[in-house]
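Try each task before reading its solution.

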Amino acid sequence: MWRREEAGADFRSGWNSLGYKKTGGHAWNRVFEEAGFRPGLTFELLTSLMGQPMDVFGAAVFPELDPAVREPLIRAAERAENRDLLFSEKSCLYPGAADVIRDLSRDYWIGIASNCQSGYIETFLTVSGLQDAVDDCISHGDTGLGKADNIRILMERNGLDEAWYAGDTAGDRESAEHAGISFVWCRYGFGRDVAADGIDDPVQLRGYLERHC
């Protein structure tokens, strides 16, 4: 994300830094079973893969399948996950995170860059009611590109020269570094020993940015 009257910052919200995929594993396993495959996406595997593109998820669950078989199965699972999230009526955010985003959106440009499937961010914004608080978004499913490249695309098409990226994994930090922007480690997420400093709750984000910007 970044200040609207100056430069801004890119703020990634979604599975890790604001919430996690509570329903995604169920949707994927249901699709797998309906197609005659074992329900192989466990919570442990899910959390170990957080932040990776969906094709990496598919290869981890079904390494033995030919990509010609596996990829349509994964695309079907992605669509099922989006539908489940849309109709779940369940919160997909950490407590207080929605208020933090709405508060920050008054002063900062906010965008989302994620390795998720196409349509997931838009569904997330609909369910959370945050469409008006987020200025732009991009996903691996939309472009087929890595997170660092997508961050740069997001910044370039919005005329941004600098940014802060909030995430919880080493992959998030590395993506921010490769994109040439600053990083905020959300220590309450899935990553461990990601950075020297960070925040322990979404409500700490504004204070962190004001101290470091």
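**Exercise 1: a pair between helices**

Both Lys147 and Asp172 are buried. Keep in mind that the model is predicted.

Task: Find how the side chains of Lys147 and Asp172 meet, and which helices hold them.

Solution: 
- Step 1. The two side chains form a salt bridge, 2.5 Å from N to O.
- Step 2. Lys147 sits in helix H8 and Asp172 in helix H9 (residues 170-179).
- Step 3. The residues are 25 apart, and the pair links distant parts of the chain.

**Exercise 2: Arg206 and its partner**

Task: Classify Arg206 and Asp103 as buried, partly exposed or exposed, then state what their salt bridge ties together.

Solution: 
- Step 1. The side chains of Arg206 and Asp103 make a salt bridge of 2.6 Å, N to O.
- Step 2. Arg206 lies in helix H10 (residues 205-212) and Asp103 in helix H5 (residues 97-105), so the bridge ties together parts 103 residues apart in sequence.
- Step 3. The cut-off for buried is under 20% relative accessible area. Arg206 has 17% relative accessibility, so Arg206 counts as buried.
- Step 4. Asp103, with a relative accessible area of 23%, is partly exposed.
- Step 5. A salt-bridge network links Asp103 and Arg206 with Arg106, Asp107 and Glu210.

**Exercise 3: the face of a helix**

Task: Name the buried residues of helix H3 (residues 54-61), and explain why they line one face.

Solution: 
- Step 1. The buried residues are Met54, Phe57, Gly58 and Val61.
- Step 2. Down the axis of H3, these buried residues fall within an arc of 95 degrees, so they line one face of the helix.
- Step 3. An α-helix has 3.6 residues a turn, so residues three or four places apart point the same way.

Definitions and conventions:
Residues numbered from 1 in each chain as written. Predicted model: local features only at pLDDT ≥ 70, side-chain atom pairs only at ≥ 80, totals over all residues. Heavy atoms only, no water. Buried < 20%, exposed > 50% of the residue type's maximum accessible area, 1.4 Å probe, protein only. Helix = DSSP H or I, 4+ residues; strand = E, 2+ residues; numbered from the N terminus. Arc of directions from axis to C-beta. Salt bridge = Lys/Arg side-chain N within 4 Å of Asp/Glu carboxyl O.
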